[in-house]
Structure formats: structure tokens, C-alpha cells
Amino acid sequence: MTSIVDTHCHLDLSAFDEDRDAVIRNAIAVGVHSMVAIGFNPDRWHSTRRLCHAYPFMLRAVGVHPNDAGIWNDDVREALADECASGDPVAIGETGLDFFRDRADHEAQTLAFERQIELSRELSLPIIIHQRNAEAEVLEALAPYAPIRGVMHCFTGSASFASACMRLGLMLGIGGVATFPRSEELRSTIARLPLRSIIVETDAPYLAPQSQRGKRNSPALVTEVVEVIASSRRVLVESIADETTDNAIRLFGPRMSQALEQGHQAA
């Protein structure tokens, strides 16, 4: 059976409180055999931990989102290191720079981002990077640490930005935006990317693909992302599912393989 990994979702959020188990079981039923839940602040570290304990095919990442960067201090850094050292998280993130919302001072965001890059290297964990309206600044912050094991989450940029990310060692997380009618340039870029650099994601409950645009996103809908990548590259859907799953295993390590086995058994 072909497996798909939703490498970035937020299933612990209140948007799923009424039907979380049904949403997760529906994803498993359509072949999404593992999901990475993103704990983007200390409260979410706890909620994602509970979620992963309940669903053994689910993994998690923990970090401090740029919108929450104002909380960053030495105590938070130590708490994050302890959370990662528990052996449970498979990545640090999401972290990065968000100069669109500006919910945290740019200097605070940069500090929190750089410290989390350093921690990811110290702990040999991949890093999940959020970027909005800050391409140049993100690349500048990352450059001293290259090569970097990680992913540029919600990649919607140009071919030149893609090349810059890949030169740093990053994979590119492709999500629902790739299905939008006006995303022709993005699909053209995806068609030319090395397939080893692509993983798929939903960011659920956000950024639903075109068929559900404006509604709640869910991990099952990552199948539509796989389909649009396959169409852009003129290859079989199964090929994209297999390749992006292999990429997720390379990024997140052997625990992803174990989670996929659990997902197969749950299907």
C-alpha cells in the first residue's frame, strides 16, 4: 500500500476538538499513514505530546514560532532543550521569521530563530522553518550554519529562492497553495525541482487545497497536494507519494519508518 506523510499539521488545535479522532482515522484510511504535529510554543509542546501518545503513528516537532518569539529567554531555551532531550520530538520547529504579521519584534524573532538553529545542530535534529515576507533575512540567518538538515515549510517562493534553500541543504515543504489556480509559477517551479528535495504537508487546519479552499484543512487533503505535484511533473501519483515519503524518512529518521509501520497497521 502506498503511504503518504503529512509532514506539518496542527491537529492539537481547537479546530479539531469536535472530531479529531475521525479526522485522523480518515487520513489513515486514504493512505496518510503518518503525520508530524507541530508544537509551536510551550503550551503546544504538551498538547502535541499527548496527541502522539494517543496515536503512535504520529510524530511531533517542538519549537517557538516567530509570532511567539517575545517569550524567548534562557529558561525557554533550556525547557526546549529538555523537551527535545526526552527523545520524543523528531525536529525543532516551527521557527523562523514572520515579517508579515509582526507580532514579535524583528530582533527578538531573529534571536529566537538563531538560537533554535544552534540547538538543532547541537541535538542533531532537523529544523522546520517558517518564513513570511522575510526571504532574504531567513537566508542570511541560516547561511552561517550551512549545511542545514531541515525544511522550508509552506514553500511558495520563486525558483531562485528554492535554489538558495537547497544550496543550504534544505528540503521544501509543498502544501495546498500549490493547488490554487493562480499558483502557476509555483507549479512550474515544482516541476523543475529535484524530487529528493520535496516533502508534502497540509498545515492543517490552515491553507486547505483548492477543493476545500476557505474551509478547514485536514491531513487527508495532502493527497491533493501529491496529485498536483504529479500532474506538474507528468508522473504517476504513486511515484510522488513514494518519493516524498522516502524524503520524509530521510529528514526525520528511523522513527518515521516506525510510525509508518504503525499507520499501516491502523489502516
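Trainee: What does Arg216 count as by relative accessibility?
Mentor: Partly exposed, at 33%. The cut-offs: buried is under 20% relative accessible area, exposed is over 50%, and partly exposed is in between (1.4 Å probe, protein chains only).

Trainee: What sort of model is this, and how are residues numbered?
Mentor: It is a predicted model, with residues numbered from 1 along each chain as its sequence is written. Local features need pLDDT of at least 70 and side-chain atom pairs count only at pLDDT 80 or more, while totals for chains, interfaces and linings use all residues; side-chain values use heavy atoms, without hydrogens or water.

Trainee: Back to Arg216. Which side chain does Arg216 meet in a salt bridge?
Mentor: Asp19, at 2.8 Å from N to O. Arg216 is in the loop between β8 (198-200) and α8 (222-233), and Asp19 is in the loop between β1 (4-9) and α1 (20-29), so the pair ties together parts 197 residues apart in sequence. Asp19 is partly exposed too, at 27%.

Trainee: What are the cut-offs for a salt bridge, and for helices and strands?
Mentor: A salt bridge needs a side-chain nitrogen of Lys or Arg within 4 Å of a carboxyl oxygen of Asp or Glu. Helices (H or I, at least four residues) and strands (E, at least two) are DSSP runs, numbered from the N terminus.

Trainee: How many salt bridges does the structure hold?
Mentor: 11. One of them joins Asp17 and Arg20, with the closest N and O atoms 2.7 Å apart. Asp17 is partly exposed at 47%, but Arg20 is buried at 18%.

Trainee: Which residue pairs with Glu118?
Mentor: Arg115, with the closest N and O atoms 3.4 Å apart. Glu118 and Arg115 sit three residues apart in helix α4 (residues 106-123), which means about one helical turn between them. Glu118 is partly exposed at 30%, and Arg115 is partly exposed at 32%.

Trainee: Which residues do shared partners join into one network?
Mentor: Arg49, Arg60, Glu83, Asp88 and Arg255, through salt bridges.

Trainee: New topic. What is the volume of the largest pocket?
Mentor: About 590 Å³. That volume is the space filled by probe spheres set on grid points, which are joined across faces, edges and corners. On a 1 Å grid over the protein atoms alone, a pocket is an open set of points where a 1.4 Å probe fits, with protein on both sides within 12 Å along at least five of seven lines. Lining residues have an atom within 4 Å of a point.

Trainee: Which lining residues lie nearest the centre of the largest pocket?
Mentor: His65, Arg101, His130, Arg132 and Asp203, out of 25 in the lining. Strand β5 (residues 127-132) gives the largest share of the lining, three residues.

Trainee: Arg132 again. Which ring face does Arg132 lie over?
Mentor: The face of Phe100, at 3.7 Å from the ring centre. The charged end of Arg213 sits over the ring of Phe180, 3.6 Å from its centre. The rule: NZ of Lys or CZ of Arg within 6 Å of the ring centre and within 35 degrees of the ring normal.

Trainee: And how many aromatic pairs are there?
Mentor: Two. Tyr55 and Phe57 form a tilted pair, 5.7 Å centre to centre with 50° between the planes. The ring centres of Phe155 and Phe161 are 5.9 Å apart and the planes are at 15°, so that pair is stacked. Rings of Phe, Tyr and Trp (its six-membered ring) pair with centres within 6.5 Å; planes under 30 degrees apart are stacked, over 60 edge-to-face, the rest tilted.
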